[in-house]
Amino acid sequence: MTARRLRWAAWPVIAVLAAAIPAAGTAGAATTPTATVTVNARAGLATMPDTGIGINHAVWDSQLGTDEVADLFGAAGVRTMRYPGGSYGDIYHWKDNTAPGGYVAPNTDFDTFMGGVRRAGAQPIIIANYGTGTPGEAADWVRYANVTKGYGVKYWEIGNELYGNGHYGANWEADDHVDKSPAAYANGVVAYADAMKAVDPGVQIGAVLTTPANWPDAIVGSGDTASWNQTVLSIAGPHIDFVILHWYPTGATAAEALAKPEQIDDMIYLTRQQIARYAGTNSGRIGISMTETNTPVGVNTQPGALFAAETYSSLLANGVFTIDWWDTHNGPTKLSTVAGYPDYGDGGLLSSGTCLDGGVCEPPLNTPFAPYYGLKVLSTFAHPGDQFVRAAADDPLVGAHAVRRPNGDLDVLLLNKDPDQARAVTLNYAGYTPAPGAPRVFTFTNGATAVSEAVTGTSTSQTLPPYSLTTVVLHPAAGASAGPGTPGQPTGTATDRTASISWTAAAPGAHPIAKYEVYRQLGATSEQWGETTGTSFDVGNLVPGSRYTVNVLARDTAGNVSAASPPLTLTTGAPAASSCTVRMTDVTDWASGFVGGIHVTATGVVGDWTLTFDWPTARQRLTGGWSGTWAQNGTTVTVSSSAPPASGVDVGFTADYGGPNIFPAAFRVNGVLCAAG
């Protein structure tokens with residue numbers, strides 16, 4: 001909650017705490033550690049949107065809309081700016097530029113903000129005041145922005161973090177409504193959406209969700225029948241265009257913080273599952289935004305830059321359409337030394353130029369902190385229209401991401417998360433052959449004040465300085481223009497052991513299309529499932545309860561291969577019928593653990609029986625159980641009982657989870673795969 005509290009204070013924020021963290025060591029090993037990175041161009045992910053790299057602006061920031069800040073953001077490739085600033089969104093009234101109970105700096109009104117947005121070449125995302133406003137006030141804002149002024153503001157959030165309005169016990173978000181339940185918020189979103197779209201049918205409306213495994217996700221509040229997300233999506237789903245997540249991961253050390261982006265694949269997967277389950281028909285049109293995030297360690301130093309690049313890349317590869325860093329200026333809170341450099345505990349991308357008690361001062365006003373350069377590196381790496389493709393390293397201290405440009409170029413982003421030692425990296429490629437010669441390389445190193453550029457190394461060998469971000473720009477060995485176009489977005493369905501996939505045909509290039517090849521992603525490698533001359537494919541022998549991500553590539557009669565289609569993720573489940581049925585429920589949840597219930601029915605079973613299932617992630621752990629003998633080995637959980645299951649038996653357990661809590665999809669009784677109960 002600390003980061004959130006900063007959003008209520010007028011910057012500059014001055015705190016009295018000061019702490020010291022020992023400086024990181026310096027590189028000095030006699031032998032440089034090695035790592036291997038694999039880039040798989042056959043494993044296509046999401047396409048980089050024109051809204052991807054975003055930031056937060058706030059009306060309490062006197063630098064909002066200034067030319068200096070706008071130019072800095074333009075140079076960093078910022079494409080989205082959020083306004084009027086976190087929790088201020090629920091106390092801000094745009095017509096008179098006031099925020100009762102908070103501070104509004106001079107010259108921070110909406111038009112001033114839009115001037116900075118336009119100068120930077122970005123677009124806005126606006127928080128409409130739900131907490132203390134009305135649908136009419138929001139509709140008037142849409143009218144002024146898009147009809148009167150012609151700003152073309154597309155994205156509108158309905159409030160900010162309304163789950164923090166006291167309904168679940170914690171109260172930091174202003175909400176004047178008598179009913180503060182998720183149902184009341186969801187119905188309010190519907191009213192706002194109707195009023196705002198009546199003015200401009202083209203606006204996109206976003207509803208606030210809780211982020212998987214972050215409080216109060218999955219908690220059912222007093223008087224509610226379901227969690228926040230289930231309730232909001234069930235009521236407001238047909239009326240919204242995107243959902244809003246915020247993510248402030250915890251971590252006591254830089255190493256812990258830099259390990260947290262590993263959870264993003266599951267975080268977005270679970271969010272999409274919830275949207276598909278609860279938001280009604282045509283829910284696939286609903287986008288996902290991450291309108292606030294920041295690192296728990298090194299907010300002004302190199303860990304922050306590494307976290308920003310890793311987090312943005314992972315979210316964008318998963319199809320999140322904007323990620324907005326919290327925030328532009330925030331003010332110092334405490335002094336420490338991180339990775340050998342002063343860190344002021346300032347959540348802003350740019351220095352506020354103010355001082356802590358004791359006389360320790362930040363750099364001059366608007367001096368960029370390290371995370372700013374993390375975003376700048378990201379903007380050199382991924383451009384709107386580029387497709388992310390799978391990349392992975394065999395060293396946990398090396399991060400790897402890659403994008404393929406429409407012209408056939410390939411960019412590889414490499415992160416060395418070791419503060420002490422360089423890494424000699426060997427790069428391997430699947431489905432791509434880089435041109436010979438030294439590539440162009442962009443690098444941001446620990447303590448640097450600019451991104452450097454050089455022609456160095458080779459397409460298969462690079463040395464990464466300690467605590468660094470490196471982008472390698474590659475050209476294809478052969479021209480990309482002669483090949484076929486990319487197949488369309490695949491769609492499909494899965495049973496317990498089979499899947500059916502279809503896609504729209506690719507446009508031929510210089511030669512006719514001969515066939516389509518279907519690949520399953522296996523980390524940074526791919527497994528070819530088969531090929532067909534048509535535009536559909538059936539596959540069997542799948543593992544129940546497993547997640548599969550596939551791509552389709554077109555090959556022409558000359559052997560040229562297209563870029564990978566967008567990905568399709570399918571999860572196999574339970575069979576339609578079986579001699580046993582199992583239903584798992586989340587009885588009570590506290591956003592880091594839960595009490596679970598399992599109802600088992602099995603015919604023909606006499607005497608002792610054993611139920612088996614596998615947790616989908618290694619972050620889930622059984623902590624206890626009853627009405628049976630429970631055990632966990634690796635990710636496999638077993639419960640044994642002698643209670644007759646023919647008419648149904650209930651068993652229960654407790655479990656912890658250190659990341660998104662994805663439920664198992666396959667259960668077995670005495671080895672028999674069960675149907676869903």
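Predicted model: local features only at pLDDT ≥ 70, side-chain atom pairs only at ≥ 80, totals over all residues.
Two helix pairs were examined. Helix H4 spans residues 135-148, and helix H5 spans residues 182-199. Their axes come within 8 Å of each other and cross at roughly 30°. An angle under 35 degrees counts as roughly parallel. H4 and H5 are therefore roughly parallel to each other. The crossing of H4 past H5 is right-handed. On the H4 side, the contact is made by Pro135, Ala138, Ala139, Val142, Arg143 and Val147. H5 contributes Ala191, Tyr192, Ala195, Met196 and Val199. By class, the residues of this contact comprise 10 nonpolar and 1 charged, with no polar residue.

The second pair consists of H6 and helix H8, the latter covering residues 264-278. Here the axes lie 9 Å apart, and the packing angle is about 45°. H6 and H8 are therefore oblique to each other. This crossing, too, is right-handed. Asn229, Gln230, Leu233 and Ser234 of H6 meet Gln274, Ile275 and Tyr278 of H8. The contact of H6 with H8 has 3 nonpolar and 4 polar residues, and no charged ones.

Charge pairing was considered next. Side chains of opposite charge can pair when their charged atoms come close. The structure holds 21 salt bridges. In one of them, the side chains of Asp67 and Arg119 meet with an N to O distance of 3.6 Å. The two partners are 52 residues apart and link distant parts of the chain. Asp67 belongs to helix H2 (residues 67-75), and Arg119 belongs to helix H3 (residues 110-120). Asp67 counts as partly exposed because its relative accessibility is 44%. Arg119 is also partly exposed, with a relative accessible area of 44%.

Another salt bridge joins Asp241 to Lys197, at 2.8 Å from N to O. Asp241 counts as buried because its relative accessibility is 12%, under the 20% limit. Lys197 is partly exposed, at 24% relative accessible area.

Glu310 and Lys417 form a further salt bridge, their closest N and O atoms being 3.0 Å apart. The partners are 107 residues apart in the chain. Glu310 is in helix H9 (residues 302-317). Lys417 occupies the loop between strand S15 (410-416) and strand S16 (423-430). Both Glu310 and Lys417 are buried. Elsewhere, salt bridges that share partners connect Glu262, Asp266, Arg547 and Arg619 in one network.

Helix H9 also holds Pro303. Pro303 is buried, with a relative accessible area of 1%. Leaving aside residues up to four places away in sequence, Pro303 touches Ala254, Leu258, Val297, Gly298, Val338 and Tyr467. The C-alpha atom of Pro303 lies 8.1 Å from that of Ala257. Along the chain, Pro303 and Ala257 are 46 residues apart.

The peptide bond from Trp215 to Pro216 is cis, with omega near 0°. Pro216 lies in the loop between strand S7 (204-208) and H6. Ala218 is found in the loop between S7 and H6 as well. Ala218 has a positive phi of about 70°, although it is not a glycine. With 23% relative accessibility, Ala218 counts as partly exposed.

A cis peptide bond also joins Trp326 and Asp327, with omega at about -5°. Asp327 lies in the loop between strand S10 (322-325) and strand S11 (334-338). Ala591, a residue other than glycine, has a positive phi near 70°. The loop that holds Ala591 runs between strand S28 (580-589) and strand S29 (593-602). Ala591 counts as buried because its relative accessibility is 6%.

Technical notes. Residues numbered from 1 in each chain as written. Heavy atoms only, no water. Axes fitted to C-alpha atoms, helices over the stretch in contact; angles between N-to-C directions. Helix = DSSP H or I, 4+ residues; strand = E, 2+ residues; numbered from the N terminus. Parallel < 35°, antiparallel > 145°, perpendicular 65-115°, else oblique. Left-handed = near helix turned anticlockwise from the far one by under 90°. Contact = heavy atoms within 4.5 Å. Nonpolar A, V, L, I, M, F, W, Y, C, P; charged D, E, K, R; others polar. Salt bridge = Lys/Arg side-chain N within 4 Å of Asp/Glu carboxyl O. Buried < 20%, exposed > 50% of the residue type's maximum accessible area, 1.4 Å probe, protein only.
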